[in-house]
Every structure is written in structure tokens, then in C-alpha cells.
Amino acid sequence: MKTELGLLDLISVTVMMDDYAGYDSGLLSQHGASYLLEAGYKANKKAGRTILFDTGQSAGPVLNNMHALGKDPQALDLVFLSHCHYDHTGGLVDILKASNRCRLPVIAHPAIFRPHYALKPSLRPVGVGPENSPEAIKAAGGEMILTAEPLTLMPGVISTGEITERTHFEASPTLSLKTLEDGKQNSDHMLDDTSLVFMMREGLVIVTGCSHAGIISIIEKAISLTGMKKVAALIGGFHLIDAENDRIEKTIARLEELEVELIYTGHCSGLKAEALLMERFKDRFHKLRTGMVIEMPSRKEV
Ligand SMILES: [Fe+2]
Ligand SMILES: [Fe+2]
């Protein structure tokens with residue numbers, strides 16, 4: 001373990017947005033992801049921080065759910081954007097406005113504003129929308145910190161940075177995506193896909209957006225960055241919804257080899273992958289839903 005990175009004592013993850021709202025929760029859901037991460041230390045409660053990880057497709061449902069769950073957007077200390085997709089970045093400016101803050105750090109990869117298109121089922125832009133331009137973010141009180149390198153947010157919390165080394169079966173994203181460079185159409189390998197890693201005595205807690213870089217490659221990067229091998233929990237989308245059976249099987253086999261303790265997934269993971277994960281991980285698998293609260297180390301889910 002790299003002790004200079006520090007250790008976190010507590011983390012609470014509240015799902016502000018997932019595609020699924022659960023049964024009779026009264027919360028709103030929309031295709032997208034947003035998690036409120038409250039990270040802290042036993043010895044110094046004041047040093048705790050509240051991080052909004054992704055902002056959903058639009059702010060309305062996220063702010064509605066925050067209010068319903070007793071969370072205050074004005075309490076945010078940081079915003080982290082896992083990648084450019086509209087369903088993770090769409091709510092940003094309106095959430096920044098609701099935070100009523102100035103110079104609220106918004107952390108992302110430098111390529112996040114690039115042109116970005118999906119080709120299936122037909123051509124459509126799927127990156128950051130014009131309503132969330134750098135100028136609009138600044139005017140709403142956000143201060144972008146754009147880096148491709150791992151960034152320590154607080155002791156025991158580090159971003160993965162760009163995932164350049166990818167496990168062979170995760171060499172390219174499952175989606176057919178394009179970007180434009182000087183008018184040339186190039187394949188987009190989602191180099192902006194980054195995740196957050198929380199270092200705890202129980203092991204690593206890794207929070208992902210869609211895992212377009214590949215969930216196994218993300219875990220391997222988190223292990224090499226922190227020097228910690230034990231993965232206590234994986235939380236987020238794995239984007240296996242359109243993956244071939246072979247890739248799903250290889251992913252699950254590697255998660256078993258890595259002895260991942262707890263898996264919380266939903267959003268873009270897909271029913272087939274979720275069903276197989278549930279079969280193989282049994283009660284260590286949990287389907288994410290809007291409003292779910294995951295607390296470590298108590299492992300209390302609500
Ligand atoms: Fe997504
Ligand atoms: Fe995505």
C-alpha cells in the first residue's frame with residue numbers, strides 16, 4: 001500500500017440517479033448516473049468532503065432526488081465527471097447554479113469537450129452538450145480542473161486518470177463511437193473515461209461511470225496506483241449492455257479471480273451481465289437503484 005496517499009475511514013454513496021428507481025421509491029429516474037459521495041475520517045470530522053460524481057442527463061430529477069433524500073446541493077465540495085457522455089454530464093450547469101458556489105472544482109479529463117458521436121442506431125451527438133460548455137460552467141460557478149493524470153482529491157481518494165493500458169478483451173469500447181480531428185473522422189476510444197478510487201482499511205472502493213475503459217482495466221489501474229490488491233466494492237455502470245457473451249464471461253471470470261468482495265451495478269451494465277453477476281456473486285451482487293445508500297465499512301445498504 002502506498003501510505004503517502006492516505007486512508008479514508010468512512011464513505012457513504014447515495015445514488016442520486018440510476019436508470020432504475022426501485023419499487024415505489026417515489027424518486028425520479030432517467031437514463032443516466034449521478035452519485036453523492038460523502039467521504040470522511042474518524043479523527044477529523046471537519047476534513048470530510050462531499051463529492052458529486054457525475055450529474056445525470058438533466059438536473060431536474062437529480063435535484064428532486066437530492067431534496068427528497070435530504071441532501072443539499074450547497075454542501076458540495078467537488079464535482080467529478082467520469083466521461084463526456086450526456087447522461088453523465090447533462091445536469092452539470094444547473095446543478096452548479098443550485099450549489100450557489102463560486103469556484104466549485106469540476107474535475108474531468110482534458111478531452112471531455114471533444115466532438116463525440118454514436119453511429120448506432122443512427123448518427124447522434126452523445127458528448128457534452130452546448131448548455132454545458134466551458135463558458136457556461138464558469139459562469140455557473142464551476143472551475144474546471146482538466147487532467148489526464150491521476151489526481152488526489154483528498155487523503156485516501158484518488159482519480160485513476162486516463163486508462164492507457166487495457167486488458168486484451170477490453171482493448172476497444174463496446175460502443176461504436178467517433179470523434180473529429182481537423183475534420184477527420186476517427187474512432188473514439190473513450191480515453192476520457194476515468195473513475196474514483198477510495199482507499200480504506202477494508203480495501204479499495206472503486207466508483208465508475210460507465211467503465212468504457214473496461215471495468216477490469218480500471219481495477220488493474222486502481223491496484224497499481226494504490227499498491228492495494230483487495231477490492232472491497234465496485235460501484236457504478238460496467239457498460240456490458242451491448243457486449244458479446246465472450247466479453248461478459250471473461251469479465252466475470254476476472255472479477256472472480258480478483259476476489260472482488262461486493263458489486264453494485266446497474267445503469268449501462270445490461271440485464272444479461274447483471275443476471276450472470278447475480279448468479280456467480282450471489283448476495284455479494286446488488287443492483288443499483290436511485291435512492292440506494294451504500295455505507296462502508298458498515299456495509300449497510302438502505
Ligand atoms: Fe452512461
Ligand atoms: Fe457512457
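Analyst: A residue is called buried when its relative accessible area is under 20%, exposed when it is over 50%, and partly exposed in between. These terms are applied here to a predicted model.

User: Why is Arg103 called exposed?

Analyst: The relative accessibility of Arg103 is 59%, and the cut-off for exposed is over 50%, so Arg103 counts as exposed. Arg103 lies in the loop that runs between α3 (92-99) and β5 (104-108).

User: What makes the backbone of Arg103 worth a remark, and what is its phi?

Analyst: Arg103 is not a glycine, yet its phi is positive, at about 60°. Most residues other than glycine have a negative phi.

User: Which category, buried or exposed, applies to Met190, and how do you know?

Analyst: Met190 also has a positive phi, of about 55°, without being a glycine, and it is placed in the loop between β12 and β13. Its relative accessible area is 0%, and buried requires a value under 20%, so Met190 is buried.

User: Why can the protein be described as compact?

Analyst: The protein contains seven helices and 19 strands. Its radius of gyration is 18 Å, close to the 19 Å given by the globule rule for 302 residues, so the protein is as compact as a globular protein of that length. Along the principal axes, the C-alpha atoms fill a box of roughly 45 × 45 × 45 Å.

User: Why are β7 and β12 called edge strands?

Analyst: They belong to an open sheet of four strands, ordered β7-β6-β11-β12, in which the pairing is antiparallel. β7 (124-125) and β12 (184-187) each have a single partner strand, so one side of each is left without a neighbour in the sheet.

User: How do you know that β6 and β11 count as a pair?

Analyst: Two strands are taken to pair if there are at least two bridges between them. β6 (residues 117-118) and β11 (residues 177-181) are joined in the antiparallel sense over two bridges, so the pair meets this cut-off. Within that pairing, Tyr117 stands opposite Lys178 in β11. Strands of a sheet pair through backbone hydrogen bonds.

User: What makes β13 a mostly covered strand?

Analyst: Five of the five residues in β13 (residues 196-200) are buried. Both faces are covered, with Leu196, Phe198 and Met200 buried on one side and Val197 and Met199 buried on the other.

User: Which strands pair with β13, and over how many bridges?

Analyst: Strand β10 (residues 157-159) is joined to β13 by three bridges and strand β14 (residues 203-208) by five, in both cases antiparallel. Ile158 has Val197 of β13 as its bridge partner, whereas Met200 stands opposite Gly203 in β14. β13 and β14 form a hairpin, with two residues between them.

User: Why does Leu52 count as buried, and which residues is it in contact with?

Analyst: Leu52, which is found in strand β3 (residues 49-53), has a relative accessibility of 0%; the cut-off for buried is under 20%, so Leu52 counts as buried. Contact requires heavy atoms within 4.5 Å, and beyond its neighbours within four places in sequence, the residues in contact with Leu52 include Ser34, Tyr35, Leu36, Met66, Phe80 and Ile95. The C-alpha atoms of Leu52 and Pro73, which are 21 residues apart along the chain, are separated by 9.0 Å.

Conventions: Residues are numbered from 1 along each chain as its sequence is written. Chains are lettered from A and ligands numbered from 1 in the order in which they are written. This is a predicted model: local features need pLDDT of at least 70, side-chain atom pairs count only at pLDDT 80 or more; totals for chains, interfaces and linings use all residues. Side-chain values use heavy atoms; hydrogens and water are left out. The radius of gyration is taken over C-alpha atoms; the globule rule is 2.2 Å times the number of residues to the power 0.38. Buried means under 20% relative accessible area, exposed over 50%, partly exposed in between (1.4 Å probe, protein chains only).
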